[in-house]
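Good morning, everyone. Today I want to talk about aromatic rings. Have a look at this one with me.

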Amino acid sequence: MADCREDSDDDSYEVVDLSDYARRHQWWSRVFGQNSGPIAEKYSVATQIMMGGVTGWCAGYLFQRVGKIAATAVGGGFLLLQIANHSGYVQVDWKKVEKDVNKAKKHLKKKANKAAPEINSFIEEKCKSTEFVKKNIVLSSGFVGGFLLGLAS
């Protein structure tokens, strides 16, 4: 037993200030790299989550309201056209519709071969947005949570 006490007396321990350690070694820095974005350096984690949550809730709420209005307008218009068609107010020339659809298909096939530059620029833009989300992960996660809450309310 005396040997154990002598070993423990010789060991020296370093006192670590946890608040300073947490400021210097954030968990998102280990996951997403040292440069975690400019927002992470300016605001605390709680502020970022709150800002992301509020903006996400607003976006989700507006998306829900506009989506309901758009769905009502499209559905109502379709319903009115069906009623008018069955009542005899609207006559549809289905042969002309089929001819126009086939013409549009041919046109799209021609344009599909020329669309490669536009697709590459779209992919590059997608990579930029993914990089933004990775650099501002706390703000982005707050936004997603707020967006889902806004859709639900």
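Start with Y61. Its relative accessibility is 27%, so Y61 counts as partly exposed. Keep in mind that this is a predicted model.

W57 and Y61 both sit in helix 5, which covers residues 45–87. They are 4 residues apart, so about one helical turn separates them.

How do we describe two rings together? A pair of aromatic rings is described by the distance of the centres and the angle of the planes.

How many aromatic pairs are there here? The count comes to 3. Take W57 and Y61 as one of them. Their ring centres lie 5.2 Å apart. Their planes are at 15°. Stacked means under 30 degrees, so W57 and Y61 are a stacked pair.

On to helix 8, residues 137–152. Find F143 and F147 there. Again, the spacing is 4 residues, so the two are separated by about one helical turn. The centres of the F143 and F147 rings are 6.2 Å apart. The angle between their planes is 20°, so this pair is stacked as well.

What about accessibility? F143 comes out at 34%, so F143 is partly exposed. F147 has a relative accessible area of 23%, and F147 is partly exposed too.

One last point. Which residues form a cluster with F143 and F147? The answer is F63: F63, F143 and F147 make up one aromatic cluster.

That's it from me. Thank you.

Note on methods:
Residues numbered from 1 in each chain as written. Predicted model: local features only at pLDDT ≥ 70, side-chain atom pairs only at ≥ 80, totals over all residues. Heavy atoms only, no water. Phe/Tyr/Trp six-rings, centres within 6.5 Å; stacked < 30°, edge-to-face > 60°. Buried < 20%, exposed > 50% of the residue type's maximum accessible area, 1.4 Å probe, protein only.
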